[in-house]
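Hi everyone, thanks for coming. Let me put the structure up on the screen, and then we can walk through a few parts of it together.

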Amino acid sequence: MTTPTRRLAELRAPEVAERVSERSIIVQPLGAVEQHGPHLPFDTDLVVASEVAEATVAEVGDALDCWLLPPLAYTKSNEHAWSSGTVWLSATTLLAVLDDIGRSVATLPARKLVFFNGHGGNSALLGVANRELRLKYGLITFLAHPGMPVDQGGAGSANADELGMGIHGGTDETSLMLHLRPEHVDMSVATRNVPEWMAANRHVRFGGRVGFGWLSNDFGPDGHIGDPTAATAQRGKELFEGSVRSFGEALAEVAAFEL
Ligand SMILES: [Zn+2]
């Protein structure tokens, strides 16, 4: 009996040797449980990362031999520590958890591990973990995002009113949630919150050459940064389908990638 699944946790033990091979790709989604302003739910990053990963692996999993792990819900969200309801791991805890995941994945026949990260606050640490796991367990490790975060050089939304600063609960993220979980979005309390003074800076800005440590309440008490008022479910659908397409393309390159 073969379980018709691409979710690793749904296999029975003997199926690992039968179905997981050296060319298999393990996909680990990472979300977050953190405040997303007054209009979006705490699980926004978890929903987006899980849904895009599920849809992508459903599409290309058989052809590319991908296996989906359950999403990691709690991650490094300390920029939202001020907001009760945010549940976060410290940097040292998350690094230790990622090491444990790598150690466990390394017992599989698979050699490639892809972190699919829905929360920008994790990216720097995931980059560190990628190298640690490469050295320690010999895995070939990758980091992908549903959409490249604006504060890490991502293009950001097409909404010019965001001034390139739709980094948290803005047009794109709110659109995605209007597509994926419309019943959990309250557009009646969505407001534009963009730190306009920063747009004049050439270097010290989100995604600029000079980074800075920030907390989400540094930009006002609401906790989101961007313009959710321009969000639509149609835009969310297009973003979602675009993310699935580009993650599928990326996984094809991961499959062919050798070191
Ligand atoms: Zn988010």
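Let's start with helix 5: among the elements covering its buried residues are helix 2 (44–64) and helix 6 (233–256). Helices here are DSSP runs of H or I with at least four residues, strands are E runs of at least two, and both are numbered from the N terminus. "Buried" means under 20% relative accessible area, exposed is over 50%, and partly exposed is in between, with a 1.4 Å probe and protein chains only.

A quick word on the source: this is a predicted model, where local features need pLDDT of at least 70 and side-chain atom pairs count only at pLDDT 80 or more, while totals for chains, interfaces and linings use all residues. Residues are numbered from 1 along each chain as its sequence is written, and side-chain values use heavy atoms, leaving out hydrogens and water.

Back to helix 5, residues 171–180: nine of the 10 are buried, so the rest of the structure largely encloses this helix. Among those buried residues are Asp172, Glu173 and Leu180.

So what coordinates the zinc ion? His36 (NE2), Asp45 (OD) and Glu173 (OE) do, at 1.9 to 2.1 Å. Donors are N, O and S atoms within 2.8 Å of the metal (3.2 Å for Na, K and Ca); water is not among the atoms, so sites may look incomplete. Along the chain, the zinc donors follow the spacing H-x8-D-x127-E. His36 sits in the loop between strand 1 (25–30) and helix 2, and Glu173 in helix 5, so this pair ties together parts 137 residues apart in sequence. His36 is buried, at 0% relative accessible area.

Conventions: Contact = heavy atoms within 4.5 Å.
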